[in-house]
Amino acid sequence: MTTAAIDARAGRRCHNALNSLHSTHYFSPDLGRELGALGVTEAPAVNFAARAAALGPVGAGAVTAAFYNYKHDLVARHVPAVWEKVTPEQALAARLRAVDATLRRLLGEEAVASAGMAEAAELALRAAEGCSRGARPLYSAHADLPVPDAPHLALWHAATLLREHRGDGHLAALVTAGLDGLEALVTHTATGKGLAPKWVFTTRGWTREEWDAAVGRLRERGLVDAAGELTEEGTALREGIERETDRLDAAPYAHLGAEGVARLTELASGFARTALGAGAFPADLLAKR
């Protein structure tokens, strides 16, 4: 088992492919159906119950801290009240049922039962062995959960571990860079790779007025221009954040090794392309305006 350093870009590419698979359930009707059957019907509550359940029946403060870019008022409207409708254990079980249905629908039964799926699961789980718990609440909480038996669910579980591990480190990089949750969203959207503003307002609870105020603060710092586009300094800041995130997230991919990372990226990218082609995500999800 190697621990040699690998190209940070290779680790990021692997993460991006796995994160695409992980994220499919957030936009799946299966998740709303499973949790709706348990009494959780509002979209924000579904999201909070599904992702925060691994933390246990926590309050709004813990969720806001761990999720970082959600408006606290939105979180507090649904947490901890959601735990009166569903226990974390019930939410986790519902999430896994939704993931099972979603991946079977998007990828097809042949892919779900394929040797490539089993190989990808084994590689991703091996990479996750290189993760660390310290200062990583969402990763650490998910690491306490059992690995599902079915390969496609084991791959999704491992993708979740790797996604939350990177995400927890990314928050540390954002704090170091002096970006609050909304400013992080604004600058990410300005790169062309982040959520379109309409999705930020719909899912994160922020308003257009709050978005514009964040743009104003970033303009005062010289990070965006009058049109809301990243300046040279803003681009450098975002690139620095990604490099620091890569550094903090290097261990899992070094543990897997360059050959394993390349193979996992190949397999996960194929599955992700299939999911994308099957309509896993809204067409207008990523946009600057």
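1. Let me start with the aromatic cluster: F27, W199 and F281 belong to one such group. Please keep in mind throughout that this is a predicted model. Searching the whole structure gives 6 aromatic pairs. One of them is F27 with F281, an edge-to-face pair with 5.6 Å centre to centre and 75 degrees between the planes.

2. Where do F27 and F281 lie in the chain? F27 is in the loop between helix 1 (8-23) and helix 2 (29-36), while F281 is in the segment after helix 16 (258-277). The pair therefore links distant parts of the chain, with the two residues 254 apart, by the helix numbering used here. F27 is partly exposed, at a relative accessible area of 30%. F281 is partly exposed as well, at 21%; that value falls in this class because buried would require under 20%.

3. A second pair worth a look is F48 with Y70, which is also edge-to-face: the centres are 5.5 Å apart and the planes make 65 degrees. An angle over 60 degrees is what puts a pair in that class. This pair, too, links distant parts of the chain, 22 residues apart. F48 belongs to helix 3 (residues 43-52), and Y70 to the loop between helix 4 (60-67) and helix 5 (72-78).

4. Are F48 and Y70 buried or exposed? F48 is buried, with a relative accessible area of 1%. Y70 counts as buried at 5% relative accessibility. The cut-off for both is under 20%.

5. The charged end of R51 sits over the ring of F67, at 4.4 Å from the ring centre.

6. Y68 is not a glycine, yet its phi is positive, near 75 degrees. Y70, the partner of F48, is placed in this loop too.

7. Which peptide bond is cis? The bond from V79 to P80 is, with omega near 10 degrees. P80 is located in the loop between helix 5 and helix 6 (88-107).

8. Finally, please look at A135, another non-glycine residue with a positive phi, here about 60 degrees. A135 lies in the loop between helix 8 (115-128) and helix 9 (137-143). Its relative accessibility is 76%, so A135 counts as exposed.

Notes:
Residues numbered from 1 in each chain as written. Predicted model: local features only at pLDDT ≥ 70, side-chain atom pairs only at ≥ 80, totals over all residues. Heavy atoms only, no water. Phe/Tyr/Trp six-rings, centres within 6.5 Å; stacked < 30°, edge-to-face > 60°. Helix = DSSP H or I, 4+ residues; strand = E, 2+ residues; numbered from the N terminus. Buried < 20%, exposed > 50% of the residue type's maximum accessible area, 1.4 Å probe, protein only. Lys NZ or Arg CZ within 6 Å of the ring centre and 35° of its normal.
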